[in-house]
Amino acid sequence: MTCIITTVGASIFTNYNGAEGFIATHYEATKNALHNEWEDREERIQSIRTNPHFNRWISNHFEDSCAEIASLMNIIKTEGNDVDVRLLATDTVLSRLAAEMIKTQIINHPETGKTVSIQFDPAQDVIVGLRVDDADIFETDGLQNFIERFVTLKKQYDALILNITGGYKGLIPYLTIIGQINQVPVKYKFESSDALITIPQLPINFDWELAVDYGLQISSDLKALEEKDKRELVENNILFDDGKLTPLGSIFKVYAVKEAVRPQLRGHCAEFRWFEYYVSQYPNRKVRRSVGNGQRILGKKIYKEVDLVIEGDDKIIIAESKPRRYIFTYSEQPDQQIGNLLQELKENDIAIDEYHLCIYSTGGDNISDISKIQGISEIRSVVHKYYPECVFMLFLMTAVRELQGFMHKPLSNIKEQIQKKIISYP
């Protein structure tokens, strides 16, 4: 089934007033009302909704009653599938009212046996913050809320089409970017023309390097960003100088955090390079990556995942690969991840001789500085809680930046980027 996401404005009222004018007084008194004033405007809303002249005009002129419907009807004519029309309203009384009145209409699919269903749920489809009276709210709330609704709908349907003819014209550039990134057709109809324009797909996308670097950070407290990270995000138009997300930053946040990779892509790459490194360091031992989910260590089934296990002569080294930022946030998640893993190993009587914390960084960090971060001592404390006799070692792989180039580099070059330090003996 195809879903046609259709943004709804208020032109159905202005077009009617120009033709008949029976609701002009109520329209003028309501045209600037925000959606949170809905209950206060209930009497005027009902006067518009139940006006017999207005309802008859909509039924008789439905296909050309407003630009969004005219474009919608043209799109449906090109669809061979069943169609769900999802109306998305701006944060205004009239936009919601227009969507509710459009929803009551019946649209017949031009192909026999195919159906058209018009969907609108005010609780989900009135986009909070999508308003023109406050640019800050539009940029920080409205745009992001719209994207999140789009992402939800994308997961529900086999195919999407963005009909961007109605609603705020200032939204069009961002809707176009959303469509381009998701390879969703974007369609638009000029009010003075019958032609339906499909915006062509261009070879554009996000810089996923930035998504990997900053996806986790911009999903949390922006005020806690390090100055150098904030500066880079400002330079890339993700943040304003005051630290707030730009409109592009709002789009970036949704896809970097919810739809994309977080730090997973770089994490997998770093883990493979650690694996390669340990194979070269321990040629006479068995090195295994991503052990868990019922796999065995020394004959015991383990279900928590271990990044790297180095086995030999009944001695076990556990190595965990973590991004640099992990050690800054570890104090917020004590005894999770690492602690749960070690507890399972301990309960299975698996002795660990060494625990290696393998940090990877996009910058030129020094291991002496990294070792002083509070998160390191907290992780070490958790390790020694379960294995007091275990050697705790810190490894640092720096300049993990260009993923493709990083993976293509020979191991000898990667070794030059690795520093190691014994943090504690038993």
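I take contact to mean heavy atoms within 4.5 Å. I count helices (H or I, at least four residues) and strands (E, at least two) as DSSP runs, numbered from the N terminus. Axes are lines fitted to C-alpha atoms, for helices over the stretch in contact, and angles run from 0 to 180 degrees between N-to-C directions.

This is a predicted model: local features need pLDDT of at least 70, side-chain atom pairs count only at pLDDT 80 or more, and totals for chains, interfaces and linings use all residues. Residues are numbered from 1 along each chain as its sequence is written, and side-chain values use heavy atoms, leaving out hydrogens and water.

**The sheet**

I looked up the strand order. An open sheet of 6 strands runs β3-β2-β1-β4-β5-β6, with mixed pairing (two strands pair if DSSP finds at least two bridges between them). β3 (116–119) and β6 (196–199) are the edge strands, each pairing on one side only. From one strand to the next, the twist averages 25°.

I then checked β5 (residues 186–189). It runs antiparallel to β6, joined by 4 bridges. Val186 has Ile199 in β6 as its bridge partner.

**Helices on the sheet**

I found helix α5 (residues 67–77) lying across β1 (2–8), β2 (83–89), β3, β4 (159–163), β5 and β6. It runs at about 165° to β1. Helix α6 (residues 93–103) also packs on the sheet and touches β1, β2 and β3. Its direction makes about 160° with that of β2.

**A helix pair**

I looked up α15 (residues 338–347) and α17 (residues 374–386). They pack at about 15°, axes 9 Å apart. Ile338 and Leu342 are among the α15 residues that meet α17, where the partners include Ile379 and Val382.
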